[in-house]
Amino acid sequence: MYREMAHQLADYDIDINLAPVVDLNIAPGSPIIGFYGRSFSRNPDVVFEYAKAFIDAHRAEGVRTCIKHYP
């Protein structure tokens, strides 16, 4: 899925994706993170693995990434 996303961005000559978001879902009812599903997990190891897969797929397509979080 991430490779296809990066491929589509590259097809439109977009060379950076301001993602992935690496917040932990420690408050599932949070109006910023948990409620809208803006986190891979509450487990840091799971978040790391998803973020790594996201970044690796984008790099393979020549699209840069920017790890971020919501304040």
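Student: At roughly what angle do the axes of helix H1 and helix H2 cross?
Tutor: They cross at roughly 40°, and the axes come within 8 Å. H1 covers residues 2-11 and H2 covers residues 44-60. Keep in mind that this is a predicted model.

Student: Is that crossing left-handed or right-handed?
Tutor: The crossing of H1 and H2 is right-handed.

Student: Which residues in H1 and H2 meet there?
Tutor: From H1 you have Tyr2, Arg3, Met5, Ala6 and Leu9. On the H2 side they meet Tyr50, Ala53, Phe54, Ala57, His58 and Ala60. By type, the residues of this contact divide into nine nonpolar, one polar and one charged.

Student: And which residues of H1 are buried?
Tutor: Tyr2, Ala6 and Leu9 are the buried residues of H1. Looking down the axis of H1, you would find them within an arc of 60°, so they line one face of the helix.

Student: Why would residues three or four places apart point the same way?
Tutor: An α-helix has 3.6 residues a turn, so residues with that spacing point the same way.

Student: OK, what covers the buried residues of H1?
Tutor: The cover includes H2 and strand S1, which is 16-17.

Student: What about the backbone just after H1?
Tutor: Asp13 sits there, with a positive phi of about 60°.

Student: Let me zoom out. How many helices and strands does the chain have?
Tutor: Two helices and two strands. Starting at the N terminus, the elements run α-β-α-β.

Student: What does the C-alpha trace span along its principal axes?
Tutor: About 35 × 20 × 20 Å. The chain has 71 residues, and 30% of them are buried.

Student: What share of the contacts with a separation of 6 or more comes from residues 24 or more positions apart?
Tutor: Those residues account for 61% of such contacts in the chain.

Student: Where is Val22 placed?
Tutor: Val22 is in the loop between S1 and H2. Its relative accessible area is 27%, which makes Val22 partly exposed, because that class lies between the 20% and 50% cut-offs.

Student: What does Val22 touch, leaving out residues up to four places away in sequence?
Tutor: Val47, Ala51, Ile67 and Lys68. Take Val47: it is 25 residues from Val22 along the chain, yet their C-alpha atoms are separated by 6.3 Å.

Student: Switching to Gly62, is that residue buried or exposed?
Tutor: Gly62 is exposed, at a relative accessible area of 53%. You will find Gly62 in the loop between H2 and strand S2, which is 64-65.

Student: How far apart are the C-alpha atoms of Gly62 and Ile26?
Tutor: They are separated by 33 Å, and the two residues are 36 residues apart along the chain.

Student: Last one: where is His69 found?
Tutor: His69 is in the segment after S2. With 53% relative accessibility, His69 counts as exposed.

Technical notes. Residues numbered from 1 in each chain as written. Predicted model: local features only at pLDDT ≥ 70, side-chain atom pairs only at ≥ 80, totals over all residues. Heavy atoms only, no water. Axes fitted to C-alpha atoms, helices over the stretch in contact; angles between N-to-C directions. Helix = DSSP H or I, 4+ residues; strand = E, 2+ residues; numbered from the N terminus. Left-handed = near helix turned anticlockwise from the far one by under 90°. Contact = heavy atoms within 4.5 Å. Nonpolar A, V, L, I, M, F, W, Y, C, P; charged D, E, K, R; others polar. Buried < 20%, exposed > 50% of the residue type's maximum accessible area, 1.4 Å probe, protein only. Arc of directions from axis to C-beta.
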